[in-house]
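The sequence and structure are shown first.

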Amino acid sequence: MIPYKTILIIDRSNRQPIYLQLTHQFIDLIKSKTIPSNTKLPSSRLLSDLVGVHRKTIVACYDELILQGWIISIPKKGTYVNSTIPELQQQWTDNLLQSRAKISGFSFSKNDILQRTFPQAFQDDFIYVNDGVSDERLTPIKELATIYRKLAGKKETLKHIGYGTTFGNLKLREVLVEYLNETRGLNITIDNILITRGSQMGMFLASQLLIENEEYFIIGETNYSSADTTFQYANAKLLRVKVDENGLDTKAIEQLCRRYNVKAVYTTSHHHHPTTVTLSAERRMHLLNLAKTHSFAVLEDDYDYDFHYNHAPILPLASHDTNGNVIYVGSICKTVAPVFRVGYLIASKDFVDECANLRRFIDRQGDAVLELTFAHFIKEGSLDRHINKVVRAYKDRRDFFCEYLKQELGDYLSFKTPKGGMAIWVTLNKKYSWKEVVKIAAQNKLIFSEWQRYDSANTNHNAVRIGFARYTKEEAKEFVLRLKKTILQLV
Ligand SMILES: Cc1ncc(COP(=O)(O)O)c(C=O)c1O
């Protein structure tokens, strides 16, 4: 007889009811043929004695197994393992769970360009260099929670929680139309806006629709690397142009337009990612004229419009576009917190409509209650108040970080204090390389992940982007001191 007493294990500290624990063990034993088909199972009374549980528990277990078809009960004869279950052709290993989790039993397309090494877990005493993120401690999470709770208690909110429009919550679209027209000088109506789950979704949708047949996308020689990946994944062929202190070189774009069928130019015009420079007024107009002449799209990623410290914000290209060339993407993910996946894509109606059609198949719809929450947050002026607060804090942090970095490490690296944004672009003296620095820095609990992605074009510019906005003075000091310790180890 099968040694049920030893192979069935009951864990009384487990939250799963005992009858279910036994059921699952029986299923595994039947699947692995440890209990072969047609085997007669012990009576419920005998088994309950063997494993030391109440008879009702065994009855419940057998009932469950019968219900699921693993065993059958034959009147007056007993309970048997169902003989009609085909043998599972499966490899049985000691550690079944592990083998399930790691290896797929099918092939699938795996694309090298999607591979990233971003840390998935963070340790407290390490500093993880970021490329310009907000400080989560300044997030108005309580105010947002209060609005969310109030909305959730209202009967009329119920009509928003079913399957709804793929364009995003109507109220938020209305509020954003007004807000973006006022703050960014856009001239849009409700037909021009799709709510997305952040700028990234906007870029994904736009590039999937723009590229029909391996067309060319122009990007900066340095560029936001996730944008490169997004476009390559959509099958775009990338052409790079130089980026200087005035942003993308639009003369180079003009030359490329003569030789190639350019479908789009991607720009982070407000502060170029990663170098932080602003696209000059002259180049903005030049780019828009080129877009009209050559009928290409300008994909404007305005990821940090709200963060400017020395001057009024520069209106996006989208505010000057009367020919329907600009696709404008933005979000509150940088402004409020990345976890709130609420963004927008602004474009001509026909393009927005098609984006909404495509969006359905990667994400049926957004989080309408969260979107409503942000509609209220913006309408009540809370977003503006939050922006004023954090811009003041980040300006102080920028000033301190830059001064302290220069004071401590000015002999080894150089940078320009950025006019806005949440990061600086730091070039290391030629004598050193980030490759060496990054290795030693890790020993000093300072982690620069993916620093190579700032030089996808392999120009050896020896620079990386370092976020400052997340650090208080004390944290900024600690950061700089760890970096200094690192560099001094190399001298
Ligand atoms: C230049 C740039 N564009 C887009 C994004 C993505 O932003 P979101 O969180 O709104 O998807 C980021 C995020 O880091 C970014 O740096």
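## Ligand contacts

A polar side-chain atom of S331 is placed 2.7 Å from an oxygen atom of the ligand, a polar contact being a pair of N or O atoms within 3.5 Å. R341 likewise brings a polar side-chain atom to 2.8 Å from a ligand oxygen atom, and a polar backbone atom of Q200 is 3.0 Å from an oxygen atom of the ligand. Of the 400 Å² of accessible area that the ligand has on its own, the protein covers 90% (Shrake-Rupley method, 1.4 Å probe).

The residues surrounding the ligand, with a heavy atom within 4 Å of it, include G198, Y224, H273, D301 and K334. This shell comprises three nonpolar, six polar and three charged residues; Tyr and Cys count as nonpolar, Asp, Lys and Arg as charged, and Gly as polar.

## Domains

The chain is divided into domain 1 (4-81), domain 2 (127-133 + 385-488) and domain 3 (140-380), with bounds from an automatic or database domain assignment. The centres of domain 1 and domain 3, taken over C-alpha atoms, are 58 Å apart.

## Backbone geometry

Most residues other than glycine have a negative phi, and most peptide bonds are trans. The bond from H273 to P274 is cis, with omega near 15 degrees. K76, not a glycine, has a positive phi of about 65 degrees.

## Basis of the model

Residues are numbered from 1 along each chain as its sequence is written, and side-chain values use heavy atoms, without hydrogens and water. In this predicted model, local features need pLDDT of at least 70 and side-chain atom pairs count only at pLDDT 80 or more, whereas totals for chains, interfaces and linings use all residues.

Notes: Polar contact = N/O pair within 3.5 Å; in protein donor to acceptor, adjacent residues only side chain to side chain.
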